[in-house]
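Try each task before you read its solution.

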Amino acid sequence: MRRLLYLIIICPLLTACNYSHPERLDHWQPMGENTVDSVTFYIAHHYWKGYNFETTDSLRLAPALPPVELKGNGLLKEELPIDSLTLEKGTRLIVTDILYVPRDTVDSVWVRLASEEGTMGWQRERTLLGGVVPADPISQAIYHFSDRRTLVFVCLIGLALIGYLIAALLKRERRKRGDIYHTPYPTLLCLLTALAAALYGIIQSHAPSTWVEFYFHPTINPFTPGLPLILAAFLASLWLLIIGAVATAIDMLAHENPSRGMLRLATTGATCIVIYLGVTLTAGSVLLYPLLLLVVGGSIWLYLQSKPNALRCGHCGQPLKQLGVCPHCGALNE
């Protein structure tokens, strides 16, 4: 049994984190200077003809593929022609053609795009990807979160501080009103937060190509065929985290009065924020693993310590460690 357990633990560690691309026999090999191997390009760049983008800022397109012009120093001009077209922010685009220009030392890949209004033009891939985002709503959510990550972290830290301030008020209220309803859901929510944050940080640090592929082709289904194991585990942890958060809110509000339930939810939320920030910021270093052990062990220990004693004095109602004489009132409990 012990060997079988070791085998179950080791097998996932041997699983690759990259997407597996099926071998296709119908892709064409480059036959000239401007041709592109569709499968090779898709694997390296994560998109191909027919892919949809949306501009995040104004973007200029050349109405025709500009001729390659070399300066005296051997570098290519980066400027587009004067008659280039300017697209506004939020314009939906579709990739219609991709050409390889090896003489262009600025960027050898040129992409032709068409808008919903019928506008069509060319742009270098480097400039294009800096001004667009995939049209999928999940990809756009990832883009906006990454673009404002520092601001999000500051807001989360502020929310955590507010939550712990509320926790101090909760502690004072508990002293006045007695014990609080004991439930395992907050501990479970903290553990799920640590798991999801650890998987997210590991993907970002150790499997960036997997995350880029997910960015261009997102899914919310952890059982999608061909999905890497670590990414499927991350998506499953997110679903469990959502379910755990809903269960925690329902359980607390059902067994506590509304004000006390909201206070406990604020405390739990602040703790989850601190766990998320700590785990994600240490994901790229060896500090992640001792931190995870600390979070898991500390959460379980605090839960066990906060569990109320089932034994109470029949005379004064105070908790007892064991049956016998009550240390508070002296009554005998048998």
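The exercises below use a predicted model.

**Exercise 1. Helix packing**

Task: Describe how helix α6 packs against helix α9.

Solution: 
- Step 1. Two packed helices are described by the angle between their axes and the distance between the axes.
- Step 2. Here, α6 (residues 185-206) and α9 (residues 258-281) pack at about 25°, and their axes lie 9 Å apart.
- Step 3. Angles under 35 degrees count as roughly parallel, so α6 is roughly parallel to α9.
- Step 4. The crossing of α6 past α9 is right-handed.
- Step 5. Look at the contact. On α6, the residues include Leu189, Ala194 and Tyr200. On α9, Cys272, Ile275 and Val279 are among them.
- Step 6. Sort the contact by class: 11 residues are nonpolar, 4 are polar and none is charged.

**Exercise 2. One serine**

Task: Is Ser139 buried or exposed?

Solution: 
- Step 1. Locate Ser139: it sits in helix α4 (residues 137-147).
- Step 2. Buried means under 20% relative accessible area. Ser139 has 0% relative accessibility, so it counts as buried.
- Step 3. Find its contacts, setting aside neighbours within four places in sequence. They are Val133, Pro134, Tyr215, Phe216 and Pro218.

Key
Residues numbered from 1 in each chain as written. Predicted model: local features only at pLDDT ≥ 70, side-chain atom pairs only at ≥ 80, totals over all residues. Heavy atoms only, no water. Axes fitted to C-alpha atoms, helices over the stretch in contact; angles between N-to-C directions. Helix = DSSP H or I, 4+ residues; strand = E, 2+ residues; numbered from the N terminus. Parallel < 35°, antiparallel > 145°, perpendicular 65-115°, else oblique. Left-handed = near helix turned anticlockwise from the far one by under 90°. Contact = heavy atoms within 4.5 Å. Nonpolar A, V, L, I, M, F, W, Y, C, P; charged D, E, K, R; others polar. Buried < 20%, exposed > 50% of the residue type's maximum accessible area, 1.4 Å probe, protein only.
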